[in-house]
Amino acid sequence: MMKIKKLMTLTLSAAALTLALTACGAKTGETTGSESTQAAETTAAASGEETTDPVTVKLGVVGSIYEELWTPAKEALKGEGIDLEIVQFSDYVTPNNALANGEIDLNAFQHRIYLKNEIESYGYKIENIGNTFIIPLNLYSTKVKEISEIKDGDTIAIPNDVTNGGRALKVLESAGLIKIKKEAGFNPTVDDIEEYTVKIKIEELAANTIPSTLADVTAGVVNGNYALDFGLKTEEAVFKDTSLGEENYWNLIAARTDDLADPEKKAVYEKVVKAFQSAETETVFNDTFGGYFIKAGWDQDMLNK
């Protein structure tokens, strides 16, 4: 029994000595794991460093051109702790579906009238949170240099989709080639033409094919992004788009309505909008793309309207 008591005494004494040595070690410069973490956090806080991981925001776009348009914003957002991830889509139908289903956080590829038609057609709960730019829809030709040279029997190509097609008809009306019925809706069709001031033939084609068919038609109304792809310059246009002040043609950034009820997400999205609406972005519009992209509606606060 005495041996057992002595053994227990020795064990307890050893344990006490170990604890004492550990404590002494900590005092002479060694820190425990929790102390190290606290020290690192204190140092980071003192230096102003962010200790949280970056927030990733997935932005859906259509076309590689948007990579360049969003480069200044992407760089600026890094300093805000936001990693803007550009997600490419090959068509105009998928991005809104992907946004509505939560596959992406935002998209930026469409104008207001297109978004309105998508919401009416599919019931999407998505909305405009910031205006970006308007792309001119100009009339180009390799056969004539002025509108006055277009004569009866000449063929004019326009986009065959509803929104761009309607806008193209308005361009032709502004150019004095046709007159559209007053009762026609915002997106008129060929059936809404009341009078052909010049008896032209209108050929409806896929928007991306019109630049390559200019050799086969007298002239064609070309979307700005496709004009850029084919090297068509704004100063070469036979007639320039006059609808730049029409808000329905302004492009935008869209988000899910439900996400905007979350103050944290809304704050992040507001930073994304502001990062795009910058002098650096406008420099890209003018210097990289020769003015094909024109800022529009940057003075409107769509998130706090």
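Q: What makes a stretch of residues count as a helix or a strand in this predicted model?
A: Helices are DSSP runs of H or I with at least four residues, and strands are DSSP runs of E with at least two, both numbered from the N terminus. Counted in this way, the protein chain of this predicted model has 10 helices and 13 strands.

Q: What share of the residues in the protein chain is buried, and what does the word require?
A: A residue is buried when its relative accessible area is under 20%, and buried residues make up 44% of the 305 residues in the protein chain. As for contacts between residues at least 6 apart in sequence, 73% join residues at least 24 apart.

Q: Why is Asn 223 called buried?
A: The cut-off for buried is under 20% relative accessible area, and Asn 223 has 9% relative accessibility, so Asn 223 counts as buried. Asn 223 lies in strand 11, and, leaving aside its neighbours within four places in sequence, Asn 223 is in contact with Pro 136, Leu 137, Pro 159, Asn 164 and Ala 207. Asn 223 and Asn 208 are 15 residues apart in sequence, and their C-alpha atoms are 8.0 Å apart in space.

Q: How do you know that strand 6 and strand 11 pair, and in which sense do they run?
A: Two strands pair if DSSP finds at least two bridges between them, and strand 6 and strand 11 (residues 219-223) have 4 bridges, in the antiparallel sense. One of the residues involved is Leu 137, whose bridge partner in strand 11 is Asn 223.

Q: What makes strand 6 and strand 10 the edges of their sheet?
A: The open sheet of 4 strands has the order 6-11-7-10, with mixed pairing. Strand 6 (137-140) and strand 10 (201-205) each have a single partner strand, so one side of each is left without a neighbour in the sheet. From one strand to the next, the twist averages 25°. Helix 7 (residues 162-174) lies across strand 6, strand 7 (155-159), strand 10 and strand 11, and runs at about 140° to strand 7.

Q: Which strands stand at the edges of the open sheet of 5 strands, and why?
A: This second sheet, also with mixed pairing, has the order 2-1-3-12-4. Strand 2 (82-89) and strand 4 stand at the edges, because each has a single partner strand and one side of each is left without a neighbour in the sheet. Strand 2 runs parallel to strand 1 (residues 55-62), to which it is joined by 8 bridges, and Val 62 stands opposite Phe 89 in strand 2.

Q: How do you know that strand 12 is paired with strand 3 and with strand 4?
A: At least two bridges are needed for a pair; strand 3 (residues 106-107) is joined to strand 12 by 2 bridges, and strand 4 is joined to strand 12 (residues 252-256) by 5 bridges. Both pairs run antiparallel. Asn 107 stands opposite Ala 254 in strand 12, while the bridge partner of Gly 130 is Ile 253 and that of Ile 126 is Arg 256.

Q: What makes up the contact of helix 4 with helix 9, by class?
A: Ala 73, Ala 76 and Leu 77 in helix 4 meet Lys 271, Val 272, Ala 275 and Phe 276 in helix 9. By class, this contact has 6 nonpolar, no polar and 1 charged residues; Lys counts as charged, while Ala, Val, Leu and Phe count as nonpolar.

Methods. Residues are numbered from 1 along each chain as its sequence is written. This is a predicted model: local features need pLDDT of at least 70, side-chain atom pairs count only at pLDDT 80 or more; totals for chains, interfaces and linings use all residues. Side-chain values use heavy atoms; hydrogens and water are left out. Axes are lines fitted to C-alpha atoms, for helices over the stretch in contact, and angles run from 0 to 180 degrees between N-to-C directions. Contact means heavy atoms within 4.5 Å. Buried means under 20% relative accessible area, exposed over 50%, partly exposed in between (1.4 Å probe, protein chains only).
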